[in-house]
Amino acid sequence: NFGMVLFPFLFKKKKVFESARALVDKYIDIEYIIEKIQEIDKLKSILLTREQILMMHFIPRPKILQYKEKPGEYEIKKNTLDGYFEKITEEKSIEVHRIYRQLKQEYEKRKKNKSHDCVNSRLFEFMDEEFKENMDDYTALSS
């Protein structure tokens, strides 16, 4: 090809661009994303108990930066637990409270011994502060 002989750098750039685009297409593919989510669920099932998985609902989600109209301006949208409690039954609520008390007791015990390597302790540390306060208030009222 005559163009390839005169402008080989253009064809090299085109190949690099095409391979980069193929890579981006792979990672934004919905099947790929679903596959990764399934892998995360499998890991949760392998590494965590049923109770630990349930309590993960009470770890706040990461804050999302949403781009505003002006360049360089972002708004932080806080993800909260609002609406979650309307979805759970009274039976599930009692179970959540029971598990919370267990996690808190284990966390406080490990904190006294200065060992924080347990999954339950780490899970407790990441829980939403408002959720912890509500659970502690419930514990105080039910005692």
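Author: A salt bridge here is a side-chain nitrogen of Lys or Arg within 4 Å of a carboxyl oxygen of Asp or Glu. This is a predicted model, where local features need pLDDT of at least 70, side-chain atom pairs count only at pLDDT 80 or more, and totals for chains, interfaces and linings use all residues. Residues are numbered from 1 along each chain as its sequence is written, and side-chain values use heavy atoms, with hydrogens and water left out.

Reader: Ok, how many salt bridges does the structure hold?

Author: Nine. One of them joins arginine 21 to aspartate 25, with the closest N and O atoms 3.9 Å apart.

Reader: Where do arginine 21 and aspartate 25 lie?

Author: Both are in helix H2, residues 8–27, four residues apart, or about one turn of the helix. Helices are DSSP runs of H or I with at least four residues, numbered from the N terminus.

Reader: And is arginine 21 buried or exposed?

Author: Arginine 21 counts as exposed because its relative accessibility is 52%. Aspartate 25, at 39%, is partly exposed. The cut-offs are under 20% relative accessible area for buried, over 50% for exposed and partly exposed in between, using a 1.4 Å probe and protein chains only.

Reader: What about glutamate 108, what does its side chain meet?

Author: The side chain of lysine 104, in a salt bridge of 4.0 Å from N to O. Glutamate 108 and lysine 104 are both in helix H6, four residues apart. Lysine 104 is partly exposed at 22%, and so is glutamate 108 at 39%.

Reader: Which residues are linked in a network with Lys104?

Author: Glu108 and Asp136, through salt bridges.

Reader: Switching topic: which residues touch the most other members in the largest nonpolar core?

Author: Met55, Tyr100, Leu103, Met127 and Phe131, out of 13 residues in that core. Helices H4 (50–55), H6 (90–112), H7 (119–126) and H8 (129–142) each supply at least two of its residues, and H6 gives the most, with five. By nonpolar core I mean a set of buried Ala, Val, Leu, Ile, Met, Phe, Trp, Tyr and Cys residues joined through side-chain atoms within 4.5 Å.

Reader: What does tyrosine 100 touch?

Author: Leaving out residues up to four places away in sequence, tyrosine 100 touches Met55, Phe124, Met127, Phe131, Lys132, Met135 and Asp136. Contact means heavy atoms within 4.5 Å.

Reader: How about asparagine 120, buried or exposed?

Author: Buried, because asparagine 120 has 14% relative accessibility. Asparagine 120 is in helix H7 and touches Gln52, Leu103 and Glu106, again not counting residues up to four places away in sequence.

Reader: Last one, pockets. Which residues line the largest pocket?

Author: Lys44, Leu47, Leu48, Gln52, Met56, Ile59, Val119, Arg122, Leu123 and Phe126. Helix H7 gives the most to that lining, with four residues. For the term: on a 1 Å grid over the protein atoms alone, a pocket is an open set of points where a 1.4 Å probe fits, with protein on both sides within 12 Å along at least five of seven lines, and lining residues have an atom within 4 Å of a point.
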